[in-house]
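Visitor: I would like to learn how to read the features of a structure like this one. Could you walk me through it?

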Amino acid sequence: MKTFRAFIHKEFLHILRDRRTLLVLFGMPVLQIVLFGYAINTEVKEANVAVLDQSRDERSVSLVNALFSANWFRPVETLKSPADIDRVFKAGKAKMVVEIGPDFAKRFAEGRAQIALIADASDPNTAKVVTGYAAQMIAQWSRRFSTEHTVEVLPVEYRMHYNPEMKSVFLFVPGVITVILMLVSAMLTSISIAREKEHGTMEVMLVSPLRPGMIVLGKAVPYLVLSLLNAAFVLVIGLLLFGVPMNGSYLLLLLEGLLFILTSLSLGLLFSTIAKTQQEALMLSLFVLMMPTILLSGFIFPTSSMPWALRAFSNIIPAKHFIIILRGIMLKGNGVAVLWPQTLVLAGMCTVLLGISIKKFNVRLQ
Amino acid sequence: MITVDHISKRYGPVEALKDVSISVPRGELFGLIGPDGAGKTTLFRMVVTLLLADSGTITFDGHDVVSDYRHVRRNVGYMPGTFSLYQDLSVRENLEFFASVFQTTVKKNYDLIADIYGMLEPFADRRAGALSGGMKQKLALCCALIHKPLVLVLDEPTTGVDAVSRREFWEMLKKLKAQGITILVSTPYMDEAALCDRIGLLQDGKLLRSGSPQDITANFDRPLYAAICKEPYPLLLALRKLPELDSVFPFGTALHITAKEQLDLPALHKELARQGFSDVELQPIEPGVEDLFMHLMQ
Amino acid sequence: MTGAITIHAKALTKRFGAFTAVDAIDLDVHAGEIFGFLGANGAGKTTAMKMLIGLLMPTAGEARVAGYDVYTQSEAIKRSIGYMGQRFSLYNDLTVLENIQFYGGVYGVPPAELKRRTDSLVHDLGLKEHVNTRLQSLPLGWKQKLAFSVAMIHEPKIIFLDEPTGGVDLITRRQFWELIYAASAKGVTVFVTTHYMDEAEYCHRASIMVDGVMAACDTPAALKEQFKVKTMDEVFYQLARSAQRAE
C-alpha cells in the first residue's frame, strides 16, 4: 500500500510539472467547447420519421406518401395520439414527427391547412436539416394541387421538445466530455508509459519485486481520477457557461463515465504495449483514437448521414456509444431502461480490451 | 554467484548471442567488454529476468532466473543502458520513489549509499534533468543500490560520460565491491578493462575470451611491436605492404604491429630507411587487452 | 604544422544571459592538421563548435573558418565544410547510393562528378555489393565510415567530426582513424571531438576545454610531458577534475 501511494504521488508530480500535459488537461476542454459551440451544418439522409395523421383523408395520405417517396426519410411508426410523440422521442426512435391535424383535406382546400414538424432538437443539426427538407417537400407537394389557385406555402409549426432554442453547444458538451475522457485516459496513459520505457525506468520497475498488475494500476489510477475531475470540469463549464441542461441522474452519469474511462484506459494500456517511444504512442493515439473518435462517433457528424461502411465501422468506436449515453442522460433524462443496449456494448468492449492489455503487459520485455 | 551456461538467443535472422558461458563468483567485479551490438545488453537483460534465452540456463545466487525470477528481482540492482531517472523529479524524490518501489526506505539502507549520496546531498532538491552527466550517474547508482542488492548489473554506465566522472564512478564500484557486492558491468571502453577482476570479450554475440586481464593477455601468441615516428600514416601504408607482417594498426601515437614470427628488427629498420623512413623507433612490447581483442576479432 | 591557417578564432566568446558558455578562446588550426577538441560535458565544447560551423552567432571575439567570417558569411562556411554529427547522420531507410546522391545533391556536386566520386567512394569502402542495401541492415561501423565519406562528398577543405566513433568496435575505430589520416594527408583540416581519450593521441594537436576556457592546447606528447604523465587520459583528468560547472 505504501508503494502504491508512492506510485500515485510520483505520477501526480509528473503531471503537475509538465506544462504540456496540463495544457491538454485543462486547456483542451475549454478550447473545444468554444470551438464546437458553433456547429457545422451537416447533411442528413434517411432520418427516421414518425407520422401522426389525425385526418387520414385523401390529401393527408398523399402528403405522407410524398414525404417518404424520396430517400430522405424513413417511416418508422404511425402514431395514434399526440401523447405518443413524447414516447417516440424518448426512445430515440425518430428524429422528427410529422403531425397532421384533423380535417386536413377540407382545410387545405380552404387554404388554411397546418402541419407541425416536430424535430428532436437534442440534435440541432439534424433537426434543422430534417425540418428544412420536410418544409421544402410539403411546399412542393402543395404546388401540385393548387397551381390554378395562388400558391400557398403551408405554415409549419416548430415544437422543439428537448432543446427549444436549438443550441448546438448542448449537443457538443457530451461530445467534448467524451473526447476529453478518451484523451486523458488513453493518450496520456500510453504516453506516460512510453516515456518510462524511453528513460529505462520501466525496465528497472519490471526488474523490481513489484507485480506487473501493480505497475499497471499505479499508472491507471491517477489518470482515472484526473479523467473524472476533467469530466466534471467540462460538465460545470457546460452547465454554468452555456446553460446545458442536466435532466438525468448524476449517479448514472458517474457510473457510465467510469465504464467509459476504464475502456479508454485499457486502450491506452494496449497502445503502450505496442509503442516503444512517446512519439509512437502519440501517433497511435492520434490516428487510432482521436481521429475516429472525433470524426466517426457522431460527435460532429451524425452517424446517420454516413455511408453504410463508415456507419458500420462507427459501431466499434467506444465513443459513439458513450456519446449516445451521455446525450440520453443529460438532454433527455433517459435512464438505464433506455440506455442499456449501449451500456452493454461498452461493457463488452471494456472486458475484451482490458483482458487483452493485461495479457500483453508482460512480466518480461518480450 | 552468477552462472551463465551455454546461452543462445536469436532475433529473427540475427544471432544476438551464440553459446555464451560465464561464471561470476561472489564479490567479483566482472566486466563485459564489446562494441555496440555485441550482445551485452541482451545478456544482461537475461540475467535480470527481462528476456528469455532460446537455449541455455542462467542461475543467480543458486536460483534459476526463469523459474525463480522473483528471487532475482528482490536481490538485483539493475541500471539499464538507457536509464536516465525521472527527469522531472528532484534528486530526493527519485531516491525516495525507488526506495518505495523496492519496499524499503532511504533511511534503512542509507549506510550503503552514504558515500555516493553525500556528494549529491547539496543538490537534493534539484530536478534530475538539471544534473550533470556524472551526477546523474551517481544518482542512478544510488537508486539501484537502495534495496541492498546482492548483485549490481550495470549496462554501460559510463558511456558518454567524461573521463573525470568515469574515473569517479569506477572508484565507487571498487568501494561497493569491498562491501561484498557482486558487480556485473558492461563497457565499450577498453581502458576500463584493467579495472575489473575479470573480463569477458564479446563480439557479434560470441564470447571471444574471458578471464583476468593478466591471464587474457598472457596467451597472446604472436610477437608484438610498437613503431613510433613523426608521420605515422605514410609509415602505416608502407608497413602494410611488407609480407612478413600480420597486422598493422594505429595505436595512439604509435603503430602496433603483429608478425607471423620474431622480426629481424635491424633488417626492418634498414628496409624502412631505404623507403625514406629514417626516424622510426621499433621495439617489442607486451600486449594489452586491446591488442588481444583485436587479434581475436580478425 | 606549416599549412595555411584554415580555422582561426580570437577571444571567441558566447554568453547565454549571465552564463558564459565559451570564454574568450583562441584557436589556430592549419590545413592538413588533425585537431582534437576535448572537454568534459558542459565545458563549452559543443557551443564553440556550433559557432565555428555557423550555427550559432558568437557574442564577442572573432573567428574565420575557411577564410569566411562567422558573423557575416555563415552560408559560405556551411558550403565549404563537411560535418558529421554525433553518432549517425545518414538516413537509415535509404540505400547507400540514395544517401550519397542525396548529400551530393544538397552540396550541389555536378552529376558527372558525383558519379565519379560515388564510384571511388564505394570502391574505397568496399561497399560495391551493398550500394542498393538500405542502411538499417548494415553494421554500425560501416555506417560510420560511410557517414564520414559522405560528409566529404563535396571535397571540403575542413571537416568537423562530433564524437564520430561512439560505440564502434576496435578495428572499425582504427579504420575510421585511417580515413581521417588519409583526409589529412590530402591537406584536409580535421576538427574532431571524442570521449575516448586514447583517440586524442591520434591527433596532431589536442585542446582541452574546462569551464568554457581553453585550458591546454598542444601536441599530445608535449601535453603529457608538461603534466608528467603517460596518457592523455591522465592529462585530461588533471585538468578537468578542477572543473566547477556541469552541463
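Visitor: How many residues does the contact take from chain C and from chain B?

Guide: Some ground rules come before the count. This is a predicted model, where local features need pLDDT of at least 70 and side-chain atom pairs count only at pLDDT 80 or more, while totals for chains, interfaces and linings use all residues. Residues are numbered from 1 along each chain as its sequence is written, chains are lettered from A and ligands numbered from 1 in the order in which they are written, and side-chain values use heavy atoms, with hydrogens and water left out. Contact means heavy atoms within 4.5 Å. By that rule, 29 residues from chain C and 30 residues from chain B take part.

Visitor: What area is buried between chain C and chain B?

Guide: The size of an interface is often given as the accessible area lost when the parts come together. Buried area is that loss for two parts, found with a 1.4 Å probe and summed over both. Here chain C and chain B bury about 2700 Å², and carbon and sulfur atoms give 61% of that. On the side of chain C, Leu170(C), Ile171(C) and Arg174(C) lose the most area to chain B, together 22% of what that side buries.

Visitor: How many salt bridges does the rule find across the interface of chain C and chain B?

Guide: A salt bridge puts a side-chain nitrogen of Lys or Arg within 4 Å of a carboxyl oxygen of Asp or Glu. The rule finds four between chain C and chain B. One of the pairs is Glu290(B) with Arg174(C), at 2.9 Å from N to O. Glu234(C) and Arg167(B) form a salt bridge as well, at 3.4 Å. That pair runs from helix H9 (residues 232–240) of chain C to helix H6 (residues 163–178) of chain B. Helices here are DSSP runs (H or I, at least four residues) numbered from the N terminus. Over all chains, the count comes to 36 salt bridges.

Visitor: How many residue pairs are in polar contact between chain C and chain B?

Guide: A polar contact is a pair of N or O atoms within 3.5 Å; within protein, one must be able to donate a hydrogen and the other to accept it, and residues adjacent in sequence count only if both atoms are side-chain atoms. Six residue pairs meet this rule between chain C and chain B, both residues being at pLDDT 80 or more. H6, helix H7 (197–200) and H9 of chain C each supply at least two residues of the side that touches chain B. The largest share, seven residues, comes from H6(C).

Visitor: At what angle do the axes of helix H5 and helix H6 of chain C cross?

Guide: Axes are lines fitted to C-alpha atoms, for helices over the stretch in contact, and angles run from 0 to 180 degrees between N-to-C directions. The axes of H5 (residues 140–151) and H6 (residues 170–185) of chain C come within 9 Å and cross at roughly 10°. Angles under 35 degrees count as roughly parallel, so H5(C) is roughly parallel to H6(C). Among the contact residues are Phe148(C) of H5(C) and Phe176(C) of H6(C).

Visitor: Which chains have the most contacts among the two pairs that touch?

Guide: That is chains A and B. There, 26 residues of chain A are in contact with 34 residues of chain B. About 2900 Å² is buried between them, 58% of it on carbon and sulfur atoms. Two salt bridges are counted between chain A and chain B. Arg17(A) forms a salt bridge with Glu93(B), where the closest N and O atoms are 2.8 Å apart. By contrast, chain A and chain C do not touch, and their nearest C-alpha atoms are 17 Å apart.

Notes: Parallel < 35°, antiparallel > 145°, perpendicular 65-115°, else oblique.
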